[in-house]
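Dear colleague,

Please find below the sequence and structure for your records. My notes on selected elements follow.

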Amino acid sequence: MDDQNKNLLLATALSFLVILTWFILFPPPEPEPRQTDVVEQSNAGTTAPTVPAGDATDSATPLQADLDATATSIESAPRVSIDTPRLQGSISLIGGRIDDLKLKDYRTSLSEGAPIVTMLSPQGTNDAYYAFQGWAAGAGIDASAVPGPDTVWSATGAGQLTADTPVTLTWDNGAGQVFTRMIAVDDSYMFSLTQSVRNDGEAAVTVAPYGMIVQHTEPDDLENFFILHEGAVAIADGELIETDWSEIAEAPLNPTWGRQAIVNENVTSGWIGFTDHFWQAILIPGEGEIFEQALTYDARSEIYRAVTRMPAQTVAAGGSATMTTKFFAGAKEWATLRAYESQGVSKFIDSIDWGWFFFLTKPIFWLLHNLNNLIGNMGWAIIGLTLIIKAILFPLAYKSYVSMAKMKELQPQMEKLKADSGDDRQKLQQGMMELYKREKVNPAAGCLPILLQIPIFFSLYKVIFVTIELRHAHFFGPFQDLSAPDPTSLMNLFGLLPFAAPEPGSLLALIFIGILPLLLGISMWLQQKLNPAPTDPTQQMIFAWMPWVFMFMLGGFASGLVVYWIANNTITFTQQYLIMRSQGYKPDVFGNIKGGLSRKTKSEKK
């Protein structure tokens, strides 16, 4: 086996192996939450920072309150409508919950008449998911005298929440305290909530503001795919913390919070919430405010909660207290998150799951995003990205292909060494090494560009899978969603026959591949034909099958990734052909194709 074929076979086989065993070689990182150790708390005698000193009831903990208002009362509650350029829905006046929210810019599918995406749903509906703010009672005030999830608020103002008109909710507890909540929203996905309490009573009261996102049961539409994080996501003083749903459900019992909880205390900058494939709901306390993050789970009702709790405030008689927080509910759009990050939301871009290869996925997406903005077509942007990547790697590729051309020139001398060495493999290896050193040829140079493509390939795969910008991104003709597999199929001759293609992911879809995987196989096959087939029968068989194995294996991948692979193969073929020609070696592509077909015919006759 000549060294060139060895290198190519090694690189191709390694690429194949890495694709098949990706989840083994690169498992998702184990999260490292800054979890408060319950045992150490108990031994040290510490209490949650928002609980007023000397209050034995710990009533400033919001989760001590009853959070389960009846579904009937929620459904019949009066509401304030929400209507902005990108959002529609309503706020329930029971609890002041933001629990009815839809995203105008996104539909559930590409089908005609598909409904717009539902972001939040009220209690009592399937997969209930909502957010609200409140005050926890401390010294001088009873728990029933602070607003909670069942409080019935009164709305003042325009009666509709828009990007230009905020809504103010008011509740008088009848005991001397008046609570107000002003809710504003921008023209995208960010709500601003300003909570105030005015103490008209005769004595001071202590209250602690909090925010909460509630998810009833684990979401129904989880992807459950190993390269995607779904569950809780948080930034705590610059540290990214990702927690799966199962980890929340398995958290230890926290006596301070009254249920299973993962707690981060004394956070000065950050946010917390729940995220899935493309959407997220995030609580964002004011910058510089000390707060506590918590993820809790109630096993009896199967309810998950993300909570931010601020320090308790003592409001003197005749005084008032105010707290402003933000709440994000919407799509994980790179440009939108980046804009909010520039406005002070710490590391908001990292709510997108960039993965271990973030140092590659982030710049690859940035480049792809800007190319798409420039070209206006994501498919052509992927091809443009491939051109740029190949241009960056060109110096290395040039050196590699020059080395390969020189290896071709040395072929007669290598054959002579083999003949002279006979069965003495040690003598052959020594002779080969001396030949390489004398001619300044690196036999391993040929596989290095292929190996470098592996992390780039997986980084692009990650980008295409996790970023919403690739969702329903069109190319041309039938390719209207580059994040989905090729919708065409050999079964109906790529749409020429009057019946539907097999369902993606089915066995028939794997067998009757689309036009893009077919082009991928052809491009790999042509790339092989730049070099004569190896003389060893085993090598011949492996090389003959390799393109078609890859063709079927990648047939179920996102079509955007297959477009990248086709473009990469085409550019590689062109580069290698031109560079080898410039070094005096003329690849006989058609001759190699003809030779391969003739050998196949002879073997069949035998």
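Which residues of S16 are buried on one side, and which on the other? Gly 270, Ile 272 and Phe 274 are buried on one side, and Trp 271, Gly 273 and Thr 275 on the other, so both faces are covered. Buried means under 20% relative accessible area, exposed over 50% and partly exposed in between, with a 1.4 Å probe and protein chains only.

This is a predicted model, in which local features need pLDDT of at least 70 and side-chain atom pairs count only at pLDDT 80 or more, while totals for chains, interfaces and linings use all residues. Residues are numbered from 1 along each chain as its sequence is written, and side-chain values use heavy atoms, without hydrogens and water.

Strand S16 covers residues 270-275; strands (E, at least two residues) and helices (H or I, at least four) are DSSP runs numbered from the N terminus. S16 pairs in the antiparallel sense with S12 (residues 231-236) over six bridges and with S17 (residues 279-284) over four; pairing requires at least two DSSP bridges. Thr 275 is the bridge partner of Gly 231, and Ile 272 stands opposite Leu 283 in S17. A hairpin through three residues joins S16 to S17.

Finally, Ile 542 lies in helix H15 (residues 537-553) and counts as partly exposed because its relative accessibility is 31%.

Kind regards
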